[in-house]
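Here is a short briefing.

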Amino acid sequence: MKLRSRLRECLYLNWALPVQCLSPAPQTLRYQTHTDEHEDYVFVSALLFNHQAVHSPSFPRLRASFPQLNLRVYVLDQDNEPSVLFLSMLAPAWVAFGARLLGQPVRAARFRFDSAAQEVPWWRWSVRAGSELRVTATAGAQAAGPGPHFASWARTVEYIRLRNRGYILKGGKLKRIETEQPRAEICPVQATVRTTLLLEKQLGLDSWPQLHSAWVCPEMPMVFDLAPTKGLAIGQGAPVPG
């Protein structure tokens with residue numbers, strides 16, 4: 001069953017992590033790595049957004065809106081298709097309960113979001129699920145942080161954003177979710193991540209690297225398949241969503 005929604009004020013926070021910091025990828029996936037100063041890195045992103053008017057075309061009057069956090073790592077799948085592996089999905093408790101009934105490994109979290117469309121727009125997020133993630137962002141270009149760099153800003157955005165295959169681990173199996181993400185307006189931001197304990201706990205790290213890049217999509221239509229394809233068995237050692 002396909003669902004439609006709009007992602008509003010979607011904040012992308014991107015980091016480059018040394019690949020040895022991560023557990024082995026599931027057998028049918030491999031990390032999409034890039035070398036910088038003789039070290040291999042893989043990109044990890046936290047997406048913070050407001051899901052607006054989530055609904056099925058079959059039941060257009062039944063709609064829900066809620067905030068969400070997705071932590072994801074960038075991989076290539078068995079078809080060599082650029083994809084994402086979801087390491088964590090967080091949403092309010094009422095959403096997490098319903099999502100788990102439908103087979104989605106969503107955890108409950110508390111969200112706080114503020115924004116202002118001033119002369120210089122700004123956004124502020126706080127997410128708590130045991131540990132906390134806090135970030136503020138203001139519109140404006142920010143120099144790229146440590147890690148591999150792409151040929152242009154547009155290439156960086158394209159690499160991170162335009163991936164229509166997502167994978168989740170559920171019940172010891174790897175499952176695929178298909179999405180449709182048309183091109184959307186991108187607003188570069190200067191982001192300050194004030195607390196990263198939530199991310200560090202998710203990946204079992206003692207510290208978190210400096211931000212590589214960040215931007216906001218003010219509005220982005222989304223179509224996604226609620227029912228993943230048939231699961232594939234995975235080997236031991238693969239990262240499992242917390």
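How many aromatic pairs does a search of the whole structure find? The search finds 10 aromatic pairs. Rings of Phe, Tyr and Trp (its six-membered ring) pair if their centres lie within 6.5 Å; planes under 30 degrees apart count as stacked, over 60 as edge-to-face and the rest as tilted.

This is a predicted model, in which local features need pLDDT of at least 70, side-chain atom pairs count only at pLDDT 80 or more, and totals for chains, interfaces and linings use all residues. Residues are numbered from 1 along each chain as its sequence is written, and side-chain values use heavy atoms, with hydrogens and water left out.

**Aromatic pairs**

- Tyr74 and Tyr159 form a tilted pair, 6.2 Å centre to centre with 50° between the planes.
- Tyr74 belongs to strand β5 and Tyr159 to helix α2 (residues 153-161), so this pair ties together parts 85 residues apart in sequence. Helices (H or I, at least four residues) and strands (E, at least two) are DSSP runs, numbered from the N terminus.
- Tyr74 and Tyr159 are both buried. Buried means under 20% relative accessible area, exposed over 50%, and partly exposed in between (1.4 Å probe, protein chains only).
- Trp153 and Trp215 have ring centres 5.4 Å apart and planes at 85°, so their pair is edge-to-face.
- That pair also links distant parts of the chain: Trp153 is in helix α2 and Trp215 in strand β14 (residues 213-225), 62 residues apart.
- Trp153 is partly exposed because its relative accessibility is 37%. Trp215 is buried, at 0%.
- One aromatic cluster holds Phe43, Tyr74, Phe150 and Tyr159.

**Around Tyr159 and Gln32**

- Arg163 lies over the face of Tyr159, at 4.4 Å from the ring centre. A charge sits over a ring if NZ of Lys or CZ of Arg is within 6 Å of the ring centre and within 35 degrees of the ring normal.
- Gln32 is found in the loop between β2 (30-31) and β3 (33-36). Its relative accessible area is 15%, so Gln32 is buried.
- The Gln32 side chain makes a polar contact of 3.4 Å with the side chain of Tyr159, and another of 2.8 Å with that of Arg163. A polar contact is a pair of N or O atoms within 3.5 Å; within protein, one must be able to donate a hydrogen and the other to accept it, and residues adjacent in sequence count only if both atoms are side-chain atoms.
- Leaving aside neighbours within four places in sequence, Gln32 has contacts that include Tyr41, Val42, Tyr74 and Pro82. Contact means heavy atoms within 4.5 Å.

**Strand β6 and its partners**

- Strand β6 (residues 82-91) is mostly covered, with 9 of its 10 residues buried.
- Strand β5 (residues 59-76) runs antiparallel to β6, and 8 bridges join them. Two strands pair if DSSP finds at least two bridges between them.
- Leu69 has Leu90 in β6 as its bridge partner.
- The hairpin of β5 and β6 has 5 residues between the strands, and Asn80 there takes a positive phi near 65°.
- Strand β11 (residues 165-170) runs parallel to β6, joined by 2 bridges. Here Leu85 stands opposite Tyr167.
- Strand β7 (residues 106-108) pairs with β6 in the parallel sense over 3 bridges. Leu90 stands opposite Arg107 in β7.

**Salt bridges**

- The structure holds 12 salt bridges. A salt bridge is a side-chain nitrogen of Lys or Arg within 4 Å of a carboxyl oxygen of Asp or Glu.
- Arg155 and Glu158 form one, with their closest N and O atoms 3.6 Å apart. They are 3 residues apart in helix α2, so about one helical turn separates them.
- Arg155 is partly exposed, with a relative accessible area of 34%. Glu158 is partly exposed, also with 34%.
- Glu178 and Arg165 meet in a salt bridge of 3.8 Å, N to O. Glu178 lies in strand β12 (residues 173-180) and Arg165 in strand β11, so the pair ties together parts 13 residues apart in sequence.
- Glu178 is partly exposed at 29% relative accessible area, whereas Arg165 is buried at 18%.
- Glu178 also bridges to Arg176, with the closest N and O atoms 2.8 Å apart. Shared partners join Asp77, Asp79, Arg165, Arg176 and Glu178 into one salt-bridge network.
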